[in-house]
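Morning, everyone. Please look at the sequence and the structure on the screen.

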Amino acid sequence: MTSSTAPAAAHPRSSTDRRGILFIISAPSGTGKTTLCKQLAANLDGLWHSISYTTRKPRPGERHGREYYFVEEGAFRDMIGRNEFVEWAEVYGHLYGTPLKSLTEKIDQGIDVLLEIDVQGAKQVKKRFEDSVSIFILPPSMTVLRSRLQTRASDSQEEIQRRLHKVKEEVWSYREYAYIVLNQDIGQSLGELESIFRSERLKTKRLNMTWLENNFIFDEEQKPGDHKDLPQPKGVPLP
Ligand code: 5GP
């Protein structure tokens, strides 16, 4: 997971004053998901990259509070007990969880949230947030994935084998996601991801009706509720 964590105040509110959208991105380990998510959060205004908790040890270069909050298992389990996670899962032998508080704060502020989580976590989030948008990133091929994992110096042989072992099972979950991006070329994948984010932001269902009424339906003399002059659909009695 990565570090685009600009504070809420740095993001402009959406011009339509809507609630934030929850975007979920999953991919097998070694697909290039972290690089893509980091770049995406840097390129798009109003997108906040959530930071998960994990019991995994930091890799060289990773920092507490930037890539993850690195905690001991006891502390993680205490957080589970206090219902502080939106979802949590055991992935490749370690525990990972998405904190609930920061996520709901951002959504309430109209800021979109990016979750980079595994397929088990995605399932849980989709159940809880039915309006969320899920994207699955596929590697170019198994050969490329294998070689990427094996050349990632930060993981032990045991860790690499554990991750390779899970790939087929993870790839099989692609059907549960709304979008698929094949990460053959990073520039192209980034463009595709940006298109998904921009289109989702334009969806009619996300528009805040109060904003619409205040800006286009009621002029200065009219107050909300004072809409008897508006054309009414046939057969619908006025309140
Ligand atoms: P890594 O150890 O390589 O950073 O991450 C391993 C896997 O855990 C990746 O698939 C990553 O997306 C997933 N992961 C990271 N944070 C979370 C989280 O909060 N919840 C869940 N369920 N998975 C996570």
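Strands E5 (85-91) and E6 (94-99) each give at least two residues to the shell around the ligand. Strands here are DSSP runs of E with at least two residues, helices are runs of H or I with at least four, and both are numbered from the N terminus. A quick word on the source: this is a predicted model, where local features need pLDDT of at least 70, side-chain atom pairs count only at pLDDT 80 or more, and totals for chains, interfaces and linings use all residues. Residues are numbered from 1 along each chain as its sequence is written, and side-chain values use heavy atoms, with hydrogens and water left out.

Back to the ligand. Which of the 18 residues around the ligand come nearest? They are Lys33, Ser52, Arg56, Tyr68 and Tyr96. To be near, a residue needs a heavy atom within 4 Å of the molecule. By type, the shell has seven nonpolar, four polar and seven charged residues. Nonpolar covers Ala, Val, Leu, Ile, Met, Phe, Trp, Tyr, Cys and Pro; charged covers Asp, Glu, Lys and Arg; the others, Gly among them, are polar.

Now some distances. A polar side-chain atom of Tyr96 sits 2.5 Å from a ligand oxygen. For Thr98, that distance to a ligand oxygen is 3.2 Å. In Arg163, an N or O atom of the side chain is 2.7 Å from an oxygen of the ligand. How much of the ligand is buried by the protein? Alone, the ligand exposes 510 Å², and the protein buries 96% of that. Those areas come from the Shrake-Rupley method with a 1.4 Å probe.

Next, the inside. The largest nonpolar core has 19 residues. Such a core joins buried Ala, Val, Leu, Ile, Met, Phe, Trp, Tyr and Cys residues through side-chain atoms within 4.5 Å. Ile25, Leu40, Leu47, Leu193 and Phe197 touch the most other members. Strand E1 (22-26), helix H1 (33-43), strand E8 (133-138) and helix H7 (186-201) each supply at least two of its residues. A second, separate core of 18 residues includes Leu22 and Val119.

One more residue. Glu200 is in helix H7. Why does Glu200 count as buried? Because its relative accessibility is 3%, and buried means under 20%. Beyond four places in sequence, Glu200 is in contact (heavy atoms within 4.5 Å) with Ile21, Phe23, Val133, Tyr179 and Arg206.

Last, the whole chain. It has eight helices and nine strands. Of its 239 residues, 45% count as buried.

Definitions and conventions. Buried < 20%, exposed > 50% of the residue type's maximum accessible area, 1.4 Å probe, protein only. Polar contact = N/O pair within 3.5 Å; in protein donor to acceptor, adjacent residues only side chain to side chain.
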